[in-house]
Amino acid sequence: MAEATYPDELRYHDEHDWARIEGDQATFGITWYAQDSLGEVVFYEPPEVGASVQKDSSYAEVESVKAVSDVIAPLSGEIMEVNAALAENPALINEDPYGKGWLVKLRLGDPSEQDTLLDARSYMATLSG
């Protein structure tokens, strides 16, 4: 199980999702808190490559031993790649939520949206509230 961490280089959405922004592209995943709350992830249903996602809307589902949860997009854009490794091993989301457990990569539709995301310190403050 991964340790509780919130890398400083990522941006966070208050629905427990992260974005690694690189130019006009971003990688999304769920935070340590989210995977810990879910428990063991047993299934991941990704969006289709080419699909459009809207900030603050559901774009995928993760199913754990406890529940099925929508994954909320921290930013809008077009899906360019989904993490195929999760089809075989969805537990990567638990084991390495910021590395091998990433969910999708997309081209950003509106780069200014990233200004609405939280830094690691602000996100962690939402968890203790």
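Tutor: Let us begin with overall size. The model is a predicted one.

Student: What box do the C-alpha atoms fill?
Tutor: Taken along the principal axes, the C-alpha atoms of the protein fill a box of roughly 35 × 35 × 20 Å.

Student: And how many helices and strands are there?
Tutor: The protein contains 4 helices and 9 strands. Following the sequence, the pattern reads β-β-β-α-β-β-β-β-β-α-α-β-α.

Student: What share of the residues is buried?
Tutor: Buried residues account for 43% of the 129 in the protein. As for contacts with a separation of 6 or more, 63% of them involve residues 24 or more positions apart.

Student: What about the surface, how much of it belongs to carbon and sulfur atoms?
Tutor: The accessible surface of the protein is about 6,600 Å², and carbon and sulfur atoms hold 45% of that.

Student: How many salt bridges does that give?
Tutor: The count comes to 1 salt bridge. The side chains of K55 and D56 form it, with 3.4 Å from N to O. Side chains of opposite charge can pair when their charged atoms come close.

Student: Is K55 buried or exposed?
Tutor: K55 is buried, because its relative accessible area is 18% and the cut-off for buried is under 20%. D56, its partner in the salt bridge, is partly exposed at 47%, since that class lies between 20% and 50%.

Student: One more residue, please. Where does V53 lie?
Tutor: V53 lies in strand β5, which covers residues 52-53. V53 is buried, with a relative accessible area of 5%.

Student: Which residues does V53 touch?
Tutor: Leaving aside residues up to four places away in sequence, V53 touches Y59, A73, L75, S76, G77, I79 and L106.

Student: And how far is V53 from I72?
Tutor: V53 and I72 are 19 residues apart in sequence, and their C-alpha atoms are 9.3 Å apart in space.

Notes
Residues are numbered from 1 along each chain as its sequence is written. This is a predicted model: local features need pLDDT of at least 70, side-chain atom pairs count only at pLDDT 80 or more; totals for chains, interfaces and linings use all residues. Side-chain values use heavy atoms; hydrogens and water are left out. Helices (H or I, at least four residues) and strands (E, at least two) are DSSP runs, numbered from the N terminus. Buried means under 20% relative accessible area, exposed over 50%, partly exposed in between (1.4 Å probe, protein chains only). Contact means heavy atoms within 4.5 Å. Accessible areas come from the Shrake-Rupley method with a 1.4 Å probe; for residues, only the protein chains shown count as cover. A salt bridge is a side-chain nitrogen of Lys or Arg within 4 Å of a carboxyl oxygen of Asp or Glu.
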